[in-house]
Amino acid sequence: MAKASKTMRKANIRSSAPKGKPGKPATIAEKKSRPAAKLSAGEIREIFRRFHAANPEPKGELEYINPYTLLVAVVLSAQATDAGVNKATRSLFKIADSPKKMLGVGEEKLRDYIKTIGLYRTKAKNVIALSQKLIDQFDSKVLADRDVLETLPGVGRKTANVVMNIAFGQPTMAVDTHVLRVANRIGLSRGATPLAVEADLLRIVPPEYAMHAHHWLILHGRYLCKARKPECWRCPIPDICRFPDKTRAP
Ligand code: SF4
């Protein structure tokens, strides 16, 4: 695990949002992208202090045995729930916990194992292809190198960041739909893309909280700051969050 520096980095949230035209009512897109007041460095630290206090060791919810099965599980989890992936991989990983064994299963049988997961045909193809590539080029090993991971079929930046964080203890910021939404609502970022939000989080999250930051934000978005209706009345950070339309207890 990378050692956290005690140095406090100054919060500096970028403004790239278009503004509404004078005299015209703002569109929904413009409203959503209006600059919010900046969070101070102290507020950012307090947000993560509270997340840490509530859940000191947050864990990803995907089940895996080793870096290879973690990689496969994350590839399968795109646009699917972790619970759904776990249901399929529990029996799969018992017989295929290495690239060689996965090739032994073969694409057709793999499809059967994962057919309850969305996009399973493409995912099966990718899992077989990435397993072959690991054997051919990387001695069957999943390397702790994000650039290398991103060359594997079906592996994008988010997947590579998750593997780097969970399997190799790197303080990466994997930005999924939850993290993108929550970071914007709270005021941690105004990035419109995962890459922009990742860059903001890498810059502003205090180092001592960087290892778990994306987990806290994912869990916060999944269970509390939900897409359709955030549950602000039971949120630990409503006094800091910049979201203007906070909800009350039903
Ligand atoms: S106060 Fe509401 S909008 Fe803000 S982080 Fe909490 S749940 Fe989300």
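Visitor: Which residues of H8 are buried?
Guide: The model is predicted: local features need pLDDT of at least 70, side-chain atom pairs count only at 80 or more, and totals for chains, interfaces and linings use all residues. Numbering starts from 1 along each chain as its sequence is written. Helix H8 spans residues 157–166 and is mostly covered, with eight of its 10 residues buried (20 or more other C-beta atoms, placed from the backbone, within 10 Å of a residue's own; exposed is 12 or fewer, partly exposed in between). The buried residues are Lys158, Thr159, Ala160, Asn161, Val162, Val163, Asn165 and Ile166.

Visitor: Which helices do the buried residues of H8 pack against?
Guide: Packing is judged by contact (C-beta atoms, placed from the backbone, within 7 Å). The partners of the buried residues of H8 are H3 (67–76), H7 (146–149), H10 (194–204) and H11 (207–223).

Visitor: Why do the buried residues lie on the same side of H10?
Guide: The buried residues of H10 are Pro194, Val197, Glu198, Asp200, Leu201 and Ile204.

Visitor: What covers the buried residues of H10?
Guide: H8 has H10 among its own packing partners. The cover of the buried residues in H10 includes H2 (41–54), H8, H9 (177–186) and H11.

Visitor: How are H9 and H11 arranged, parallel or perpendicular?
Guide: The axes (lines fitted to C-alpha atoms, for helices over the stretch in contact, with angles from 0 to 180 degrees between N-to-C directions) come within 8 Å and cross at roughly 90°. By the cut-offs (under 35 degrees roughly parallel, over 145 roughly antiparallel, 65 to 115 roughly perpendicular, the rest oblique), H9 is therefore to H11 roughly perpendicular.

Visitor: How do the residues of the contact of H9 with H11 divide?
Guide: H9 contributes His178, Val179, Arg181, Val182 and Ala183, while H11 contributes His214, Leu217, Ile218, His220, Gly221 and Arg222. By class (Ala, Val, Leu, Ile, Met, Phe, Trp, Tyr, Cys and Pro nonpolar; Asp, Glu, Lys and Arg charged; the others, Gly among them, polar), the residues divide into five nonpolar, four polar and two charged.

Visitor: How do H5 and H6 lie to each other, parallel or antiparallel?
Guide: H5 packs with H6 (residues 120–138) at an angle of about 175°, their axes 9 Å apart. H5 and H6 are therefore roughly antiparallel.

Visitor: Which residues is proline 99 in contact with, leaving aside its neighbours within four places in sequence?
Guide: Proline 99 lies in H5 (residues 99–114). Proline 99 counts as buried because 25 other C-beta atoms lie within 10 Å. Its C-alpha atom is 8.5 Å from that of lysine 141, 42 residues apart along the chain. Beyond those sequence neighbours, proline 99 contacts Tyr68, Ser131, Leu134, Ile135 and Ser140.

Visitor: How many helices are in the chain?
Guide: Elements are DSSP runs numbered from the N terminus (helices H or I, at least four residues; strands E, at least two). Along the sequence the pattern is α-α-α-α-α-α-α-α-α-α-α. There are zero strands in the chain, and the number of helices is 11.

Key:
Contact = placed C-beta atoms within 7 Å.
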